[in-house]
Every structure is written in structure tokens, then in C-alpha cells.
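Reader: I would like to go through this structure and ask what stands behind each label. Please set the values against the cut-offs.

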Amino acid sequence: MHHKKPIIIGVTGGSGSGKTSVSRAILNHFPSHSITMLEHDSYYKNQDHLAFEERLKTNYDHPLAFDTDL
């Protein structure tokens, strides 16, 4: 049996730039393929230890806002 190598497509951009729309269009274009979509927005650093007012100061577009290792 021949296994194909996975293809990884990274879609980047700031908040509201259309990343999710483009990613879903790619996903919908290949309905018979096995595709997994990982959304980096699901991996923000935990800020439970901060007061709400402090959380409001976070720049969620900055790479340091994400727990990429997770």
C-alpha cells in the first residue's frame, strides 16, 4: 500500500483578515479528502490569573499571545 505524504497549508493574517473563510473554502473544495483544520485561535495562553481589565490589554494578534508549544 502506498501512503501519500501529508500536505500542510498555513493560512496567516491578522484578526478579521479572512483566514477562516479561506481555510473553509479549501476544506470544502476537497470533500472526499481527509483534512484536519487546526485553528491557532484555540491556543491562546491561559490568562485566568489576570484580572479582566488586564486581559483587555492583551494584543491577541501578537505571536506571544499564543501557547504555540501546546
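Reader: What makes Glu 54 and Lys 57 a salt bridge?

Author: The closest N and O atoms of Glu 54 and Lys 57 are 3.1 Å apart. A salt bridge is a side-chain nitrogen of Lys or Arg within 4 Å of a carboxyl oxygen of Asp or Glu, so the pair qualifies. The search of the whole structure finds 1 salt bridge. Note that this is a predicted model, in which local features need pLDDT of at least 70 and side-chain atom pairs count only at pLDDT 80 or more, while totals for chains, interfaces and linings use all residues. Residues are numbered from 1 along each chain as its sequence is written, and side-chain values use heavy atoms, with hydrogens and water left out.

Reader: Why is Lys 57 called exposed, and why is Glu 54 called partly exposed?

Author: Buried means under 20% relative accessible area, exposed over 50%, and partly exposed in between (1.4 Å probe, protein chains only). Lys 57 has 62% relative accessibility, so Lys 57 counts as exposed. Glu 54 has 37%, so Glu 54 is partly exposed.

Reader: How many aromatic pairs does the search of the whole structure find?

Author: The search finds 2 aromatic pairs. Rings of Phe, Tyr and Trp (its six-membered ring) pair if their centres lie within 6.5 Å; planes under 30 degrees apart count as stacked, over 60 as edge-to-face and the rest as tilted.

Reader: Why is the pair of Tyr 44 and Tyr 60 called edge-to-face?

Author: The ring centres of Tyr 44 and Tyr 60 are 5.0 Å apart and the planes stand at 85°, so the pair is edge-to-face. This pair links distant parts of the chain, with Tyr 44 in the loop between helix H1 (19-29) and helix H2 (52-55) and Tyr 60 in the segment after H2, 16 residues apart. Helices here are DSSP runs (H or I, at least four residues), numbered from the N terminus.

Reader: And why is the pair of Tyr 44 and Phe 66 called stacked?

Author: For Tyr 44 and Phe 66 the centres are 4.6 Å apart and the planes are at 20°, so the pair is stacked. Here too the pair links distant parts of the chain: Phe 66 is in the segment after H2, 22 residues from Tyr 44.

Reader: How do you know that the side chain of Gln 47 makes a polar contact with the side chain of Tyr 60?

Author: The distance between them is 3.0 Å. A polar contact is a pair of N or O atoms within 3.5 Å; within protein, one must be able to donate a hydrogen and the other to accept it, and residues adjacent in sequence count only if both atoms are side-chain atoms. A polar contact of 2.9 Å also joins the side chains of Gln 47 and Thr 58.

Reader: Where does Gln 47 lie, and what makes Gln 47 buried or exposed?

Author: Gln 47 lies in the loop between H1 and H2. Its relative accessible area is 17%, so Gln 47 is buried. Leaving aside neighbours within four places in sequence, Gln 47 is in contact (heavy atoms within 4.5 Å) with Arg 55, Thr 58 and Tyr 60.

Reader: Why is Asn 46 called exposed?

Author: Asn 46, in the loop between H1 and H2, is at 54% relative accessibility, so Asn 46 counts as exposed. A polar atom of the side chain of Asn 46 lies 2.6 Å from the backbone nitrogen of Asp 48.

Reader: Where does Ser 23 lie, and why is Ser 23 called buried?

Author: Ser 23 lies in helix H1. Ser 23 has a relative accessible area of 17%, so Ser 23 is buried. Leaving aside neighbours within four places in sequence, Ser 23 is in contact with Val 11 and Met 37.

Reader: Which residues make the nonpolar surface patch?

Author: Ile 7, Ile 9, Val 11 and Val 22 make a nonpolar surface patch of about 380 Å². Patches are made of residues with over 30% relative accessible area and no salt bridge; like charges are joined within 9 Å, and nonpolar side chains (Val, Leu, Ile, Met, Phe, Trp, Tyr) within 5 Å. Accessible areas come from the Shrake-Rupley method with a 1.4 Å probe. Ile 7 is found in the segment before H1 and, at 74% relative accessibility, counts as exposed.

Key: Helices (H or I, at least four residues) and strands (E, at least two) are DSSP runs, numbered from the N terminus.
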